[in-house]
Structures are given as C-alpha cells and as structure tokens.
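Colleague: Could you walk me through how to read a few features of a structure, starting with how open a side chain is to its surroundings?

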Amino acid sequence: MATIFTKIVKGEIPSYKIFEDEHFYAFLDINPMAKGHTLVIPKKEVDYLFDIDDEMLKEMIVLSKKIAKAIEKAIECNRVGVMVVGLEVPHAHIHLIPIQSEGDMNLSNKRVELSKEEFGKIANDIVRYL
Ligand code: 5GP
C-alpha cells in the first residue's frame, strides 16, 4: 500500500509544495514544529533514510542544504535544524526546522497551528529563494 507521502507526491493528498524534481519532493509539514518546517523526501518509497542508496542520499542531502538556505532567507531564525525520526511515516524524510534555540528541536513541543493562507504564504516565501 502506498505511503501517505507517496499519495502527496501523486497529488492524491494536497500539500504545500516547496520543491519537486524527478527523484525528490519537498513540502511543508502539516503539523509544524515552527513556521517553515519542511520535509524532504525521495519519490521512491524507502522506509529508512540509511537504506537509500549512496548516490541518491548524497543528492538528498545537497537538496536539503539548498532548501535550508532558502528557509533561512524566508523565515526569521538562528539556523535550520535537521532531524530524522521516521517513526510516524514509513517513508524516509529529512525534517528541516527553523530554530532559535535547541529547545525548538524537541518533538514533544506544542506544534504551530497555521491557517491555509499562512501555509500558502510561507511556501511562497521559501520558494522565492530557491
Ligand atoms: P516522523 O515520521 O519523522 O516522526 O514524522 C512525520 C512527520 O510527517 C510529522 O512531523 C507529521 O506532522 C508529518 N505528516 C504526517 N502526515 C502528513 C501529511 O499528510 N501531510 C504533511 N504535510 N505532513 C504530514
């Protein structure tokens, strides 16, 4: 059965898209730890990040860097934190989270609630810098 992220890639579930090419897709986390929280995924379904083959993983990291730089420009933050968890969705993803301090990386923190308009604006702001 397709993962929820594959459904997002196929457009069966809507998302606020940040980037797409042949192999990768990036979109805003629907339950963000901070404004601009973005997920970078391979289109190919692989559960565990470290099962991705070397060349694809290199590309994914370099793409994450490019997107993180755009997030830094679009969202006020100290830097972009990087996290890999993958316990909720079995489709590898890199979390890019704009943070002010290390406490902002705590998964137990209350998530930010945003309107559709706010999500749309944040996505546009980030995409502008890609
Ligand atoms: P993890 O698997 O790394 O623990 O977390 C999965 C992340 O995916 C969570 O931060 C969650 O908010 C996000 N997520 C789960 N389902 C959806 C969805 O349907 N759309 C989007 N945009 N994000 C999702």
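Colleague: Is E20 buried or exposed, or something in between?

Modeller: E20 is partly exposed, with a relative accessible area of 34%. The scale runs like this: buried is under 20% relative accessible area, exposed is over 50%, and partly exposed lies in between (1.4 Å probe, protein chains only). This is a predicted model, where local features need pLDDT of at least 70 and side-chain atom pairs count only at pLDDT 80 or more, while totals for chains, interfaces and linings use all residues. Residues are numbered from 1 along each chain as its sequence is written, and side-chain values use heavy atoms, with hydrogens and water left out.

Colleague: Which residues form salt bridges with E20?

Modeller: Side chains of opposite charge can pair when their charged atoms come close. The criterion here is a side-chain nitrogen of Lys or Arg within 4 Å of a carboxyl oxygen of Asp or Glu. K17 pairs with E20, with the closest N and O atoms 2.7 Å apart, and K43 pairs with E20 at 2.8 Å. K43 sits in the loop between strand 3 (38-42) and helix 2 (54-74), and E20 in strand 1 (residues 17-20), so this pair ties together parts that are 23 residues apart in sequence. Helices (H or I, at least four residues) and strands (E, at least two) are DSSP runs, numbered from the N terminus. K17 is partly exposed at 40%, as is K43 at 24%.

Colleague: How many salt bridges does the whole structure have?

Modeller: The search finds five. One of them joins D125 and R128, with the closest N and O atoms 3.9 Å apart. These two are three residues apart in helix 3 (residues 116-128), so about one helical turn separates them. D125 counts as buried at 15%, whereas R128 counts as exposed at 58%.
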